[in-house]
Amino acid sequence: YILAGAPLAARKTSSSDRLAQASKEHIIAERKRREKLSQRFIALSAMVPGLKKMDKASVLGDAIKYLKQLQERVKMLEDETKKRTVESAVLVKKSTVFADDDDPFAGQGLFSGNSSGDYFPEIEARFSDKDVLIRMHCEKKNGILEKLIAHIESLHLVVINSSALAFASSPLDVTIIAQMGAEFNMAAEDLVKHLHAAMKHLI
């Protein structure tokens, strides 16, 4: 009987060892899962502004509210973008674009210097809400940028930024960013015509 019972005891011991090992591995895996979950909650709580409670239910609840607020904000910005219109006008170097009758500065002497009937600077104006972008290619003249800015501001535009670049003998590349004042009421095409007439007197 003793000899017959020995293998059975060995099998029971082996089975118990396997169960103990499996239980140990399960405990370790569960511990790692909980640690990872806790780390995720900590990271989530750091992203939610104004969080008052740190328990998991509060973190999840506030995170859901915050995501809904972000979704509403995104939708509002998308709606504003759809409503936002961009108006632009471009005047290129063509002698038939505008006649002298359109010149609002004739005889007013706003700029000093001789007018050249053959010179037509390239002018572009873009409107986006209250923002105005003006780009111009014109001949290089001393003080032209300062006089141009002064005239633009006389049209109830507030100049935010300006630059004038030229390479070798190439035309001057002028870029001006401005914002519309309360009394500014021109369309982009009207502004281009106005600047064109002013530049004719400046050049």
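The legends below describe close-up views of a predicted model of one protein chain.

**View 1. The overall fold of the chain.** The protein chain contains four helices and five strands. Along the sequence these elements follow the pattern α-α-β-β-β-α-β-β-α. The chain has 203 residues, and 27% of them count as buried. Its accessible surface comes to about 14,400 Å², with 55% of that area belonging to carbon and sulfur atoms. Of the contacts between residues at least 6 apart in sequence, 66% join residues at least 24 apart.

**View 2. The largest nonpolar core.** This core has 26 residues, and I176 and L191 have the most contacts inside it. Two or more residues come from each of the strands β2 (122–128), β3 (131–138), β4 (157–165) and β5 (172–180), and likewise from the helices α3 (144–154) and α4 (188–202). In soluble globular proteins, nonpolar side chains tend to be buried together.

**View 3. The surroundings of I176.** Neighbours within four places in sequence are left aside here. The contacts of I176 include V132, L133 and I134. Also in contact with I176 are L145, L148, I149 and I152. V159, N161 and S162 complete the list of its contacts.

**View 4. A nonpolar patch on the surface.** The patch is formed by V158, I160 and I177, which together have about 260 Å² of accessible area. I160 belongs to strand β4. With a relative accessible area of 52%, I160 counts as exposed, because the cut-off for exposed is over 50%.

**View 5. A histidine pair.** H194 is part of helix α4. Its relative accessible area is 15%, so H194 falls under the 20% limit and counts as buried. The side chain of H194 makes a polar contact with the side chain of H151, at 3.5 Å.

**View 6. Two loop residues with positive phi.** D129 is located in the loop between β2 and β3. Although D129 is not a glycine, it has a positive phi of about 55°. D129 is partly exposed, at a relative accessible area of 48%. H156 lies in the loop between α3 and β4. H156 is not a glycine either, and its phi is positive, at about 70°. The relative accessibility of H156 is 38%, which makes this residue partly exposed.

Technical notes. Residues numbered from 1 in each chain as written. Predicted model: local features only at pLDDT ≥ 70, side-chain atom pairs only at ≥ 80, totals over all residues. Heavy atoms only, no water. Core = buried A, V, L, I, M, F, W, Y, C linked by side-chain atoms within 4.5 Å. Buried < 20%, exposed > 50% of the residue type's maximum accessible area, 1.4 Å probe, protein only. Contact = heavy atoms within 4.5 Å. Patch = residues over 30% accessible without salt bridge, like charges linked within 9 Å, V, L, I, M, F, W, Y side chains within 5 Å. Areas by Shrake-Rupley, 256 points an atom, 1.4 Å probe, with all protein chains shown as cover. Salt bridge = Lys/Arg side-chain N within 4 Å of Asp/Glu carboxyl O. Polar contact = N/O pair within 3.5 Å; in protein donor to acceptor, adjacent residues only side chain to side chain.
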